[in-house]
Amino acid sequence: MNAPDISDPVRGLFDWLAAARDRGEPDPQTATLATVDPAFAKPSVRTINVQIDNDTLVFFVNAHTGKGQHLQWHPYAALCFFWHGLQQQVNIEGVVEALGDVEADHLWAQRSRESQLTARSSEQHAVFGDPDAFLERREREREAYDFERVPRPEHWVAYRLVPTRLEFWAAGWHRLHPRRLFERAPDGGWQSAVQEP
Ligand SMILES: Cc1cc2nc3c(=O)[nH]c(=O)nc-3n(C[C@H](O)[C@H](O)[C@H](O)COP(=O)(O)O)c2cc1C
């Protein structure tokens with residue numbers, strides 16, 4: 001395994017992401033996000049797109065959805081990247097921080113206008129009762145911001161995951177899968193262990 005440097009395993013994650021992109025992996029920045037519902041201590045997962053912003057891991061959620069509520073009340077999350085072509089996986093656990101308005105607006109501005117209109121109109125947490133009502137809301141948004149910048153809705157929140165634990169995994173022969181774990185040490189550095197396959 002091309003093991004990351006102990007001084008900066010997050011950089012190692014970015015190197016693996018770059019390798020997946022270079023290999024032509026479709027959607028290399030797609031990952032599984034796990035959050036916990038603090039009311040019932042129940043985990044839940046879904047697929048999201050992760051962006052690298054200023055060398056940090058950032059993703060967006062609708063604050064009204066399950067994950068949006070979970071992260072608001074319990075700011076811990078885990079991400080799992082798996083790149084089929086590389087046969088490599090990285091599991092990351094950490095603390096989430098909501099980005100401020102300036103940073104979130106900057107990331108919002110990188111989205112296409114159509115995607116912004118959908119994000120503004122979608123009640124992602126609701127049962128989809130009437131497709132026409134959704135399309136009408138979307139058209140009203142389009143008319144409201146004709147020839148104008150589409151503003152980021154308040155419920156569109158960008159989070160940064162600050163990793164405290166990363167596990168790098170690579171497929172090996174006969175289920176001998178090398179794994180290397182990095183955990184934040186009390187002094188702020190990283191401690192690392194090679195794990196049994
Ligand atoms: C490839 C892919 C990428 C996705 N990216 C995002 C994303 O970046 N943000 C997001 O909120 N939902 C994204 N979704 C939708 C989520 O998986 C999920 O269905 C939705 O956000 C509702 O999640 P929740 O009810 O568990 O909170 C994506 C789905 C797929 C399949």
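This report covers a strand and its partners, an annotated span, and a helix pair.

## Basis

The model is predicted; local features need pLDDT of at least 70, side-chain atom pairs count only at pLDDT 80 or more, and totals for chains, interfaces and linings use all residues. Residues are numbered from 1 along each chain as its sequence is written, and side-chain values use heavy atoms, leaving out hydrogens and water.

## Strand E4

Strands (E, at least two residues) and helices (H or I, at least four) are DSSP runs numbered from the N terminus. Buried means under 20% relative accessible area with a 1.4 Å probe, protein chains only. Thr56, Val58, Phe60 and Asn62 point one way, while Leu57, Phe59 and Val61 point the other way.

E4 pairs (at least two DSSP bridges) with strand E3, residues 51–53, in the antiparallel sense over 3 bridges. Isoleucine 52 is opposite leucine 57. The two strands form a hairpin with 2 residues between them, and asparagine 54 in the turn has a positive phi of about 50 degrees. E4 is also joined by 6 bridges to strand E7 (residues 156–170), running antiparallel; there, tyrosine 159 is the bridge partner of phenylalanine 59.

## Residues 156–192

An unreviewed UniProt entry places "domain: Pyridoxine 5'-phosphate oxidase dimerisation C-terminal" at residues 156–192. UniProt annotations may be inferred rather than shown by experiment. The span is 65% strand and 0% helix, with its end C-alpha atoms 36 Å apart.

## Helices H4 and H5

Helix H4 (residues 113–121) packs against helix H5 (residues 131–144) at an angle of about 120 degrees, with the axes 9 Å apart. Axes are lines fitted to C-alpha atoms over the stretch in contact, and angles run from 0 to 180 degrees between N-to-C directions. Contact (heavy atoms within 4.5 Å) involves residues including Leu117 of H4 and Phe134 of H5.

Key:
Buried < 20%, exposed > 50% of the residue type's maximum accessible area, 1.4 Å probe, protein only.
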